[in-house]
Structure formats: C-alpha cells, structure tokens
Amino acid sequence: MKKLILVAGARPNFMKIAPILREIERHGSLQAVLVHTGQHYDNNMSETFFRSLELKDPDYFLGAGSGSHAVQTAAVMVAFEKVCLSEQPGVVVVVGDVNSTIAAGLVAKKLQIPLAHVEAGLRSRDRTMPEEINRIATDAISDLFFTTEEEGNRNLLAEGHAREKIHFVGHVMIDNLLYQLKKIRNSPPPKRGALIRSVLPEKYICLTMHRPSNVDDKETFSRLLGAIRELSLGVPVIFPCHPRTWNRINEFGLGELFHSIPADEVQKQVERGLFATEPLAYDDFLYLWKDASLVLTDSGGLQEETTALNVPCITMRENTERPITVDIGSNIVVGTDADKIVALGRKALNGGWKKSSVPPLWDGRASERIVSVLNGSL
Ligand code: UD1
C-alpha cells in the first residue's frame with residue numbers, strides 16, 4: 001500500500017490532521033504513519049486533544065519538547081530523520097505553520113521525499129512572527145500545496161510556484177469543526193464545557209491569548225488585560241490559558257487579576273469577571289465559544305472557526321495571514337490598542353456586528369479533496 005507520513009507537533013496541528021486521518025481510513029488506499037513531534041506535551045495541550053479529536057495514538061512520539069526555536073527545531077529534525085529513513089514514505093505531509101512543520105519539511109526534502117503542505121500560501125507579511133518564517137520556508141521547499149483561501153493561491157503563484165501544484169481544497173480545520181459540532185449536537189455535551197456554561201449568563205466572552213508579541217512584554221500584556229478587564233465588568237470573560245501565558249502571568253505578578261473556575265466545583269452563577277481555566281479540550285472549548293457573544297483572540301485558527309460559525313471575533317494582532325476572515329467573515333483585526341478593543345467589544349456585546357458569510361469550499365470536505373490528490377500523486 002502507498003505510504004505517507006503525517007506530522008503533527010503542536011495543538012493547532014492536531015485538529016488539522018484528525019479529519020485527514022479519518023478520510024485516509026475511509027478511503028482505504030493509503031497507509032498513514034502518524035508522527036507526533038512532542039512540541040506540545042502537557043496532558044491538556046496534547047493527550048486531551050488526541051482524545052477529544054478521536055485521534056489514534058501516534059506511531060512515533062519524538063519528544064522534542066520546549067526550548068529556543070533552534071533547539072526545538074533541531075530536536076524535531078534529528079529525531080524525524082530516523083523515522084523517514086526507516087519508513088521510506090512516498091510523501092511527507094505537514095500542516096500549518098509551527099516549528100514542527102518546517103523542521104519535518106526540511107528533513108523530508110533533504111532526503112528527497114516529496115513534501116505536501118496543508119494550509120499553504122498564507123502570509124501575514126510580518127516577518128517578526130516565527131510562524132511567518134515557517135510558512136515562507138515550508139512553502140519554498142514544498143512539492144504540493146493545499147490552500148484554504150484564494151489569497152493563498154495568489155501568494156504562491158506570486159512566489160513562482162507552478163499552478164498545477166497548487167490545490168485549492170478548502171480547510172481541514174473546518175472539516176474538523178463541523179464534525180465536532182455534529183458530535184456535540186447528537187450526544188451529551190462535553191462535561192467541562194457544559195459545567196462552565198451552566199454558570200454563565202446569556203452574554204459572555206471567550207478569550208484566548210498566547211502570542212509572544214502579546215504576552216512576553218509586560219507593558220503590552222498589561223494593556224491588553226486592562227481592556228479585557230474593562231469588558232469583564234459587564235459580562236464574564238472565560239479564558240482557557242496557554243502554558244506560555246500562565247508563565248508570564250506568574251512572572252509579571254498579574255495573578256490577582258483573575259478568578260478561577262475550579263474543574264469540578266462549579267455551582268455559583270457568575271455575572272461578570274475574568275475567569276481563567278487551564279487549557280480546555282477541543283470539544284469543551286467549542287461548546288463554550290460557539291454561543292459566545294464575542295471571541296477575543298490572537299490565535300490564527302480561531303479567526304477562521306468563528307468565521308465559519310458567524311461568531312463575532314476581535315483579533316488582537318496588527319495583521320492576519322487569513323484575510324478572508326476579515327473580508328467576508330466575522331473577524332476584525334484591531335491590534336493592541338486598549339480603547340479600540342473596549343469600544344469594539346461593547347459593540348459586539350450589543351449585537352452590532354458586521355454581516356459575515358462562509359468562505360468558498362469551507363464545507364467539511366477538504367480532507368476528501370486532499371486524500372484524492374495524494375492518492376493520485378503517489
Ligand atoms: C506554538 C506555535 C504557535 C501556535 C501555538 C499554539 C511555533 C513557533 N509556535 O506556540 O504558532 O499558535 O503553538 O499553542 O511553533 N509549554 C508547556 N507545555 C506544553 C507546550 C508548551 O508548558 O505542552 C510552554 C513552555 O514553557 C514553552 C512555551 O509554552 O516554552 C511555548 O511553547 P512553544 O511550543 O515553544 O510555542 P507556543 O507558544 O505554544
């Protein structure tokens with residue numbers, strides 16, 4: 001059987017590989033070797049996600065772990081080279097824009113194994129972001145490009161890639177979203193999500209924040225938290241907190257700004273305030289944000305997921321590599337200006353958001369298109 005290696009390393013990769021693996025299994029003509037690089041390793045950043053996404057255990061766990069960019073990238077490369085040499089796959093498939101993506105891509109290409117990039121062609125044009133370097137470098141060496149929006153096609157063509165290698169397939173992240181949504185609707189709601197939802201009023205905000213540019217600088221982080229706190233005087237803000245962000249909260253002594261919702265002891269209704277939780281499983285968090293009045297984020301994927309479900313989204317970044325979420329979706333990129341965040345946040349809470357629509361091909365069938373192309377090219 002034709003063999004491919006599918007690589008995932010960090011939380012935003014896991015939801016992208018789940019529908020691809022499901023489709024490979026359904027299709028039955030390809031063998032997928034699943035490699036987890038170990039870039040994310042905490043239980044609630046990795047294992048919990050594997051479970052809530054119904055992912056099989058990885059065939060290889062590389063244990064790369066944290067460290068500087070060089071240390072992390074190198075650790076993935078050294079370990080992944082051994083896997084490629086022993087498995088001899090027909091193609092290596094990488095997703096997204098994290099350090100594991102470029103590390104595995106480099107290894108594959110140096111061994112002359114064809115490389116396929118899922119979510120190719122996105123550009124923020126902000127080279128201070130490590131993800132932008134990972135995107136540009138991965139696309140520079142890829143043989144097959146799977147894109148999520150027309151802008152991705154245009155970027156790749158402008159960078160000199162051949163049209164026939166670019167496949168506009170839609171978005172695997174949305175395949176996963178629609179799959180999980182159906183599951184939530186057809187079975188008992190996820191426990192933690194339901195517990196937290198049960199104490200919230202009708203209007204509430206979901207928050208995620210972990211970009212180095214937002215949380216690593218005390219002044220910027222405090223300014224953003226100031227705006228968020230202001231919004232939280234009117235409604236509860238639920239904040240599943242990334243380990244990087246927790247580290248900064250402790251380091252900067254900002255812990256007293258937060259209340260916490262303890263895991264299994266939620267009983268009292270809350271009317272307002274900023275509530276931090278540990279990172280939530282995919283389904284628990286989806287259960288919360290799908291009904292939120294507003295999502296405040298600096299994530300890439302959540303900008304797209306909120307667009308798919310038409311939930312108002314404010315992105316606390318200066319730019320986005322996913323412009324369709326702004327052009328036709330529910331996303332507004334606002335930067336880190338506290339006054340603007342508060343003003344726009346209030347607008348969303350009062351129901352005054354822009355009309356949005358779902359981008360072309362975000363129909364839950366991207367994996368089907370990808371597997372069909374892979375099958376033909378192997
Ligand atoms: C990475 C991705 C980013 C993505 C994010 C999602 C890169 C360059 N960045 O950023 O694009 O949006 O994942 O989460 O690849 N940590 C833990 N436990 C873990 C993982 C991380 O404690 O399981 C802590 C460590 O202190 C680590 C820090 O978080 O140093 C940052 O982790 P890292 O993987 O380097 O980057 P992220 O900020 O998670």
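Buried means under 20% relative accessible area, exposed means over 50%, and partly exposed covers the range in between. Keep those cut-offs at hand for this tour of a predicted model.

**Stop 1**

Select Arg-365 and Glu-368. Their side chains meet in a salt bridge, 2.8 Å from N to O. Arg-365 has 43% relative accessibility, so it counts as partly exposed. Glu-368, at 30%, is partly exposed too.

**Stop 2: the sheet**

Switch to cartoon view. Seven strands form an open sheet, ordered S3-S2-S1-S4-S5-S6-S7, with parallel pairing. Find the edges: strand S3 (60-61) and strand S7 (166-168) each pair on one side only.

Now zoom in on strand S4 (residues 91-95) and strand S5 (residues 115-118). Four bridges join these two parallel strands. Pick Val-92 and look across: Leu-115 in S5 stands opposite.

**Stop 3: helices on the sheet**

Select residues 69-87, which make up helix H3. H3 lies across strand S1 (2-8), strand S2 (30-36), S3 and S4. Its direction runs at about 170 degrees to that of S1.

Helix H5 packs on the sheet as well, where it touches S4, S5 and S6. The angle between the directions of H5 and S5 is about 140 degrees.

**Stop 4: salt bridges across the sequence**

How many salt bridges are there by the rule used here? The count comes to 29. Two of them deserve a close look.

Select Lys-109 and Asp-143. Their closest N and O atoms are 3.0 Å apart, in a salt bridge. Lys-109 sits in helix H4 (residues 99-110), while Asp-143 is in the loop between helix H5 (130-141) and strand S6 (144-147), so the pair ties together parts 34 residues apart in sequence. Lys-109 is partly exposed, at 27% relative accessibility. Asp-143 is partly exposed at 23%.

Next, select Arg-211 and Glu-131. This salt bridge is 2.8 Å from N to O. Arg-211 belongs to the loop between strand S8 (205-207) and helix H9 (212-215), and Glu-131 to helix H5, so parts 80 residues apart in sequence are tied together. Are these two residues buried or exposed? Arg-211 is buried, at 9% relative accessibility. Glu-131 is buried at 14%.

Lys-16, Asp-97, Glu-119, Glu-132, Arg-135, Glu-304, Arg-317, Glu-321 and Arg-322 form a network of salt bridges.

**Stop 5: the ligand**

Center on the ligand. Glu-131 is the salt-bridge partner of Arg-211 from the previous stop.

- His-242: 2.9 Å from a ligand oxygen to a side-chain N or O atom.
- Arg-244: 2.8 Å from a ligand oxygen to a side-chain N or O atom.
- Asn-247: 3.3 Å from a ligand oxygen to a side-chain N or O atom.

**Stop 6: a buried serine**

Finish at Ser-293. Where is Ser-293 found? Look in the loop between helix H12 (282-289) and strand S12 (294-297). Its relative accessibility is 14%, so Ser-293 counts as buried.

Display what surrounds this serine. Leaving aside neighbours within four places in sequence, Ser-293 is in contact with Glu-202, Lys-203, Tyr-204, Pro-312, Ala-348 and Leu-349.

How values were computed:
Residues are numbered from 1 along each chain as its sequence is written. This is a predicted model: local features need pLDDT of at least 70, side-chain atom pairs count only at pLDDT 80 or more; totals for chains, interfaces and linings use all residues. Side-chain values use heavy atoms; hydrogens and water are left out. Buried means under 20% relative accessible area, exposed over 50%, partly exposed in between (1.4 Å probe, protein chains only). Contact means heavy atoms within 4.5 Å. A salt bridge is a side-chain nitrogen of Lys or Arg within 4 Å of a carboxyl oxygen of Asp or Glu. Two strands pair if DSSP finds at least two bridges between them. Axes are lines fitted to C-alpha atoms, for helices over the stretch in contact, and angles run from 0 to 180 degrees between N-to-C directions. A polar contact is a pair of N or O atoms within 3.5 Å; within protein, one must be able to donate a hydrogen and the other to accept it, and residues adjacent in sequence count only if both atoms are side-chain atoms.
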